[in-house]
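I opened this model to look up a few things and kept notes as I went. The entries follow in the order I made them.

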Amino acid sequence: MLRELLSKQSGVTIANLDWLAATASKRYKTYEIPKRSGGMRTIHHPSRSLKGVQRWISKFLFARLPVHDAACAYVRGSGIRKNAEAHVHSSFTLRLDFTDFFPCFSQLHVEKFLYQLQPGIDLNLTDDDVAFVSRIASRHGHLTIGAPSSPSLTNAMMFAFDSKVSEFAASRNLIYTRYADDLFFSSQQPNNLSDVYHFVTGIAEVYPFAKLKLNPEKTAFLSRRYVRRVTGLVLTTEGKVSIGRDRKRMIKAQVHKFLGGELEHETISSLCGYLAFIQDVEPDFWLSLQRKYGENAMEQLLPGQR
């Protein structure tokens, strides 16, 4: 059914769609980008034709699958602000991180996941459809960073995991959110977080839809005595979300240079994007910039005004 519908809507024959799926792994361009934490991240970018099919499958199939409320990444109306705000009123925070998150999901995991969905959703996927989807979404047998289908598919495949961890968290009065490969737990009492790592490791080891593994080097336990960051945002002692003092100083310095005509063009573009982000995450800081530099000056730095 799925391949037939895609063929009808795209005008591409089923034979050509199957050929695209069979050769999908060869249709990627690989490059690296720097990580914020240092080092490089490898991106596998699909060709235009493969990307188009991946987007169609994401919209028609993956977007119809349930995603847990704890998942904050790649969800419309959610994001890093929502993820951080869930923990602002807590006193202690634990962050866990999965190693090589997307490649943890293999082509066989995808097929197993789609088959177990059959009784619960009205999609009428055939065996050929399941094989087609798993090949289109995978590169050399695994999901990859760069494919537009990976975010929505992994969110759906993590639903059972998020459900079990959320139940565990609720039983201990913890707050749990997940932003892709980053897991965050918070509590008013430090001892409540002591057995979280052991529990999550146990769930990960037997999870049927991914070969999940925690990275112990990125495990971080913080209290209000220290700067607490959740998905890059600072949880203040006043119970608010902030971009942090260092970033505010950098932004003020860049705005000052811009008004003096001393900011490079590439930096101006980056600053414009970041200011739009600030309006959403920390509007009070945006208002302080307007008061300091003037509304007209700040309007010049908004996207669409340049």
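**Entry 1: helix α7.** I looked up what the buried residues of α7 pack against, and found α3 (48-60), α5 (107-117), α6 (127-137), α8 (159-171) and β4 (175-179). Helices (H or I, at least four residues) and strands (E, at least two) are DSSP runs, numbered from the N terminus. Contact means heavy atoms within 4.5 Å. Helix α7 spans residues 149-157, and nine of its nine residues are buried. Buried means under 20% relative accessible area, exposed over 50%, and partly exposed in between, with a 1.4 Å probe and protein chains only. Among the buried residues of α7 I noted Pro151, Leu153, Asn155 and Met157.

**Entry 2: ground rules.** I am reading a predicted model, in which local features need pLDDT of at least 70 and side-chain atom pairs count only at pLDDT 80 or more, while totals for chains, interfaces and linings use all residues. Residues are numbered from 1 along each chain as its sequence is written, and side-chain values use heavy atoms, with hydrogens and water left out.

**Entry 3: the whole chain.** I noted 13 helices and nine strands in the protein chain. Its C-alpha atoms fill a box of roughly 60 × 50 × 35 Å, taken along the principal axes. Of its 306 residues, 45% count as buried. Of the contacts with a separation of 6 or more, 70% come from residues 24 or more positions apart.

**Entry 4: α6 and α5.** Next I took α6, one of the partners of α7. Its buried residues are Asp129, Val130, Phe132, Val133, Ser134, Ile136 and Ala137. I found that their cover includes α1 (2-10), α2, β1 (28-34), α3, α5 and α7.

At what angle do α5 and α6 pack? I read about 140°, with the axes 9 Å apart. Axes are lines fitted to C-alpha atoms, for helices over the stretch in contact, and angles run from 0 to 180 degrees between N-to-C directions. That makes α5 oblique to α6; angles under 35 degrees count as roughly parallel, over 145 as roughly antiparallel, 65 to 115 as roughly perpendicular and the rest as oblique. On the α5 side the contact is made by Gln107, Val110, Glu111, Leu114 and Tyr115. On the α6 side I listed Asp127, Val130, Ala131, Val133, Ser134 and Arg135. The residues of this contact divide into six nonpolar, two polar and three charged. Ala, Val, Leu, Ile, Met, Phe, Trp, Tyr, Cys and Pro count as nonpolar, Asp, Glu, Lys and Arg as charged, and the others, Gly among them, as polar.

**Entry 5: Leu17.** I then picked a residue of α2 (residues 14-22), namely Leu17. Leu17 is buried, with a relative accessible area of 3%. Leaving out residues up to four places away in sequence, Leu17 touches Arg3, Leu6, Ser7, Val12, Val53 and Phe132.

**Entry 6: strand β5.** Is β5 buried or exposed? Six of the six residues of this strand (residues 182-187) are buried, so β5 is largely enclosed by the rest of the structure. In a regular strand the side chains alternate between the two faces of the sheet. On one side of β5 I found Asp182, Phe184 and Ser186, on the other Leu183, Phe185 and Ser187, all buried.

Strand β3 (residues 92-97) runs antiparallel to β5, joined by six bridges; two strands pair if DSSP finds at least two bridges between them. β4 also pairs with β5 in the antiparallel sense, over five bridges. Leu183 stands opposite Leu96 and also opposite Arg178. β4 and β5 form a hairpin with two residues between them, and Ala180 in the turn has a positive phi of about 60°.

**Entry 7: other positive phi values.** Most residues other than glycine have a negative phi. I checked Asn173, in the loop between α8 and β4, and its phi is positive, near 60°. Asn173 is exposed, with a relative accessible area of 67%. Thr231 has a positive phi of about 45° and lies in the loop between β7 and β8. Thr231 is buried, at 16% relative accessible area.

Entry 8: I noted an open antiparallel sheet of three strands in the order β7-β8-β9. β7 (228-230) and β9 (241-242) stand at the edges, each with a single partner strand, so one side of each has no neighbour in the sheet. Three bridges pair β7 with β8 (residues 233-235), and Val230 stands opposite Leu233.
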